[in-house]
Structure formats: structure tokens, C-alpha cells
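Please keep the sequence and the 3D structure in view while reading.

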Protein chains: 2
Amino acid sequence: MEVKIMSDEQQKLARYAKALGHPVRVYVMQLLGQQSCCYSGDLSEELPIAKSTLSQHLKELKDAGLIQGEIEAPRIKYCVNKENWSEAQELFKTFFRI
Amino acid sequence: MEVKIMSDEQQKLARYAKALGHPVRVYVMQLLGQQSCCYSGDLSEELPIAKSTLSQHLKELKDAGLIQGEIEAPRIKYCVNKENWSEAQELFKTFFRI
DNA sequence: AAAATTGTTCGTATTTTTGCGAACAACGAA
DNA sequence: TTCGTTGTTCGCAAAAATACGAACAATTTT
């Protein structure tokens with residue numbers, strides 16, 4: 001896309017949508033919606049994927065801005081990034097005009 | 001995911017999100033939201049991508065169930081797949097609890 | 001029938017995503 | 001300080017996504 005046709009909103013929406021484009025990542029966000037925070041280990045026990053794979057999915061969500069990690073040694077506490085979550089919420093709300 | 005942990009809802013949401021995970025596809029859906037139908041040619045004029053690339057994106061949206069094509073020779077009229085759009089709407093609404 | 005229009009499909013190349021296990025780093029506990 | 005716990009990063013491999021132009025198919029127009 002050398003010439004920019006897409007609006008920033010569309011770019012952002014696509015970015016968030018992409019981050020939510022995998023069942024594991026939807027699962028994580030849904031869990032965080034219920035309890036607002038969780039540890040990678042908790043997820044690792046529930047999900048039938050390798051630790052390293054989970055770590056990558058969490059990184060994806062982090063890179064997309066949907067979650068943030070906080071060191072709580074020796075673990076890492078993952079929480080929803082509320083600011084960006086709200087943004088995503090608004091974007092999807094508008095997109096689906098709901 | 002040989003052992004199914006994810007719910008159908010989560011799988012579906014991820015599927016729709018994935019389909020929306022590209023700016024061009026967001027653009028198309030947003031246009032269809034405004035005018036409900038459009039032709040590939042219209043899009044091709046506005047978007048700085050090759051016809052074949054656009055065709056692939058439309059196929060993605062079709063495969064995800066978000067749009068449907070109707071032959072109106074020599075063109076193809078693309079419309080929102082209302083049933084699935086509603087489903088996606090509901091899924092995202094619930095997901096974002098909005 | 002020949003030519004033009006519309007859009008898909010094919011072939012190809014590049015990049016990104018997904019996934020795993022092994023190795024590593026950081027930290028608390030023994 | 002050594003050992004366990006926790007989670008990331010590395011190295012690799014396979015699959016999927018992105019993108020293009022050329023070729024093709026279907027239909028309408030000339």
C-alpha cells in the first residue's frame with residue numbers, strides 16, 4: 001500500500017482484528033475479560049500447546065497492544081491494556097454500528 | 001489443537017477476526033456497510049492493488065462467510081452476507097461486552 | 001463471429017504465521 | 001551458592017498469507 005487509501009481507523013481495526021484472529025488469543029482475551037489478569041502458567045496448564053507457542057501468542061497480543069505484562073517474580077502477570085482495549089471496543093462498535 | 005479446548009464461539013470469533021485482519025478487507029466491509037452492495041471493478045479503481053489481489057481478498061471474505069457474490073453479467077455483485085454478519089456482530093458484541 | 005469487458009485462476013515469489021523443543025535468563029528458595 | 005521455577009528467546013520447519021502478472025473463462029457488445 002504505497003499510496004495510503006486506508007484510514008487510520010481501518011488500519012487500527014485490521015490490526016486488532018488480526019491479533020484476535022487465532023482461537024488461542026481469543027481465549028486469552030476472553031479469560032482476561034473475566035478476571036482482568038492472569039499468569040502464563042495458568043494458561044499453559046489449560047491450553048494444549050507448548051509453553052513457547054503460548055509465549056508467542058502472548059507476545060502477539062502485547063505487540064498489538066491488547067495486553068501488558070507486569071513482572072511479579074518469578075512470574076509475569078498479564079493484564080488487559082485498558083486504554084487500547086477501549087479503543088478496540090470503540091472501533092469494533094463503530095464498525096458493526098452497534 | 002487436537003484436543004478441543006476452545007468453544008465454537010471462540011473459533012468462530014477468531015475466524016471472523018482473521019477475515020477482518022487486513023486493511024483492504026476492512027475497507028471492503030465498511031463500504032458494504034454503507035451501500036450494502038458493490039462491484040469488484042468499483043473497488044479495483046479505488047484500491048492501489050492488482051485485480052488478482054483484490055479478487056483474493058474478496059475470496060477470503062467470501063470463505064469467511066462475510067460476503068456473497070451474485071452474478072450480474074458481465075460483473076459480479078458483492079453483498080454482505082446478512083446472516084453471518086449478524087452472527088459476527090453478536091459475537092463481537094458479546095466479546096467486547098457492548 | 002470477433003472484440004471488449006469483467007473478474008477468476010494459475011504460477012510464482014516473498015513474507016508472515018504457527019508450532020515445537022532446546023537453550024537460556026531471571027529470580028526466589030534451599 | 002546451587003537448585004528449582006517461570007517464562008522468553010533461539011533455531012528450525014512447515015504452512016498460510018500477501019502480492020503480482022499472465023492466462024483463462026464467461027458474457028456482452030460490436
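Predicted model: local features only at pLDDT ≥ 70, side-chain atom pairs only at ≥ 80, totals over all residues.

A polar contact is a pair of N or O atoms within 3.5 Å; within protein, one atom must be able to donate a hydrogen and the other to accept it, and residues adjacent in sequence count only if both atoms are side-chain atoms. Residues are numbered from 1 along each chain as its sequence is written, chains are lettered from A and ligands numbered from 1 in the order in which they are written, and side-chain values use heavy atoms, with hydrogens and water left out.

**Chain A as a whole**

- Chain A has five helices and three strands; helices (H or I, at least four residues) and strands (E, at least two) are DSSP runs, numbered from the N terminus.
- Along the sequence, these elements of chain A follow the pattern α-α-β-α-α-β-β-α.
- Taken along the principal axes, the C-alpha atoms of chain A fill a box of roughly 45 × 30 × 25 Å.
- Of the 98 residues of chain A, 44% are buried, where buried means under 20% relative accessible area, exposed over 50%, and partly exposed in between (1.4 Å probe, protein chains only).

**Helix α4 of chain A**

- α4(A) has 13 residues and spans 18 Å from its first C-alpha to its last, close to the 18 Å expected at 1.5 Å a residue; the expected span is 1.5 Å times one less than the number of residues.
- The buried residues of α4(A) are A:L54, A:H57, A:L58 and A:L61.
- Seen down the axis of α4(A), these buried residues fall within an arc of 100 degrees, so they line one face of the helix; the arc is that of the directions from the helix axis to the C-beta atoms.
- An α-helix has 3.6 residues a turn, so residues three or four places apart point the same way.
- The exposed residues A:S52 and A:Q56 lie on the face of α4(A) turned away from its buried side.
- The buried residues of α4(A) pack against α1 (8-19), α2 (23-35), α3, β2 (67-72) and β3 of chain A.

**DNA strand D**

- There are 21 residues around DNA strand D, and A:K51, A:S55, A:Y78, B:T53 and B:H57 come nearest; a residue is near a strand if one of its heavy atoms lies within 4 Å of it.
- α4(B) gives the most to the surface near DNA strand D, with four residues.

**DNA strand C**

- DNA strand C is surrounded by 20 residues, of which A:T53, A:H57, B:K51, B:S55 and B:Y78 are the closest.
- Phosphate oxygens of DNA strand C lie 2.9 Å from a polar side-chain atom of A:R25 and 2.5 Å from a polar side-chain atom of B:S55.
- The largest share of the surface near DNA strand C, four residues, comes from α4(A).

Key. Contact = heavy atoms within 4.5 Å.
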